[in-house]
Amino acid sequence: MSFDVQLTKQLGNTRIELRICAGPGITVLVGPSGVGKSSVLNMVAGLLRPDSGHIQVSGETLYDHRAGIDLPPEQRHAGYVFQDSRLFPHLRVIENLRYGERRARAGKSAFALEEISALLGIEALLQRWPRTLSGGEARRVAIGRALLSGARFLLLDEPLSFVDRARREEILRLIERLRDELALPMLYVTHDPDEARWLATTLVAI
Amino acid sequence: MGKHPPGGVTRTRASYIQRDTVSGVRTGGVLSAEEWEIIGLSLRVGAVSTVAALPVAFALAFTLARRDFPGRALLDALVHLPLVLPPVVTGWALLLLFGRRGPIGHALEACCGMVFAFRWTGAALAAAVMALPLMVRAMRLSIEAVDTRLENAARTLGASPWRAFLTVTLPLSMPGILAAVALGFARSLGEFGATVSFVSSIPGETRTLPLAIYGAMQLPAGETQVLRLALVSIALALGMLLLSELLLRRQPGRQHEL
């Protein structure tokens, strides 16, 4: 089981109740804006604590309310690609990519920087500052940064937002390649049902 | 800090009194040796007070910017108190606490031989307390401007809270911190009221620029000295303000345009 998630969370007037049992491939979480999809990713990443439930990824327990397990974000090995990319503005692209190197090395992660930059087509951007990147470029760098941090699974929050229409297909193809070549479990959030059907190995509506 | 040989203060005083009679006699250059000494002392007091206030100001700024706790409003008010209190009251409070018979002053002298009363270290302490609110304000703004979501991103990439702080929060708030240092230094150079009430105006020991200017104003023949020292003050203050403004405008990641 790639993702075994069961959780509840009360956020203001929104109540999140979710059950995910998904095998390998891409698990797509689809639903309209404002139902707490990003909050689910934050809970899996360890940035937000659920009220109850458990979170297991590839057999490892990241959170279990009853057992009192709650790993801090840095120990969850999540490759989180945020909706707004969140590249560090004071670091060049290459330094952003290397930020998670320490954990990757400790976990003997298989990806090399050259390999990932070639896969993502960002070799030419390495010396640039994040603010000079287009939306699509920033997204690809963010994906690279997540992969190079020793990630054991990917969390993708609306990866096509802030990306030009023309570039969307490129990012989609890239995600399919990641699915096929790197075999990382992915939890993918979108509000677009077409995108969801196109990519999903497992589809979860919320 | 400030451990003087016995009699150090009195010797300084005596040598000044000698010199005082010939004050205004210039030994070459635009400023007299005595004026250079005043400027040197002011810079030393300013530098020491700023360096000492820096970690305290940062801790306070960080706490006020990021933490929510009961009594936060009170802490905020206490930090700002020296800004609005009559400086003479701040100086008097320092004298009560850090004087040789004050609870803190007595303890510090007993344990580490540190004396503040009527020493240049006391002038630095008074300047630090008076500069603190300004430094906290400048730093707090820059810490509040750091997006905590970037720190979250760092955590998901494997950084401990401490490493996220060192590699993301600190560099991103650095322009504000440096601006606060420049501002605090300028404020320290101008400190008058609390200093004169706490450590008096001892030539060569606690008589910094503003105190010397005030002293010269009381003398019939002091006009040109007032002018010279005032010009030095203006130049230093203006330079620091410009520097602080320049630092605040510099955003990390924007220093190298492509």
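Reply: Helices H2(B) and H8(B) are oblique to each other, as angles under 35 degrees count as roughly parallel, over 145 as roughly antiparallel, 65 to 115 as roughly perpendicular and the rest as oblique. This is a predicted model: local features need pLDDT of at least 70, side-chain atom pairs count only at pLDDT 80 or more, and totals for chains, interfaces and linings use all residues. Residues are numbered from 1 along each chain as its sequence is written, with chains lettered from A and ligands numbered from 1 in the order in which they are written.

Me: At what angle do the axes of H2 and H8 of chain B cross?

Reply: Axes are lines fitted to C-alpha atoms, for helices over the stretch in contact, and angles run from 0 to 180 degrees between N-to-C directions. Here the axes of H2 (residues 33–66) and H8 (residues 161–190) of chain B cross at roughly 135° and come within 8 Å.

Me: Which classes of residue make the contact of H2(B) with H8(B)?

Reply: There are 11 nonpolar, 6 polar and no charged residues. Ala, Val, Leu, Ile, Met, Phe, Trp, Tyr, Cys and Pro count as nonpolar, Asp, Glu, Lys and Arg as charged, and the others, Gly among them, as polar.

Me: How many residues of each chain are in contact across chains A and B?

Reply: Contact means C-beta atoms, placed from the backbone, within 7 Å. By that rule, 23 residues of chain A are in contact with 18 residues of chain B. The chain A side has 11 nonpolar, 5 polar and 7 charged residues.

Me: What does Tyr188(A) contact beyond its neighbours within four places in sequence?

Reply: Its partners are Ile26(A), Thr27(A), Val28(A), Leu29(A), Leu156(A) and Leu199(A).

Notes: Two residues are in contact if their C-beta atoms, placed from the backbone, lie within 7 Å. Helices (H or I, at least four residues) and strands (E, at least two) are DSSP runs, numbered from the N terminus.
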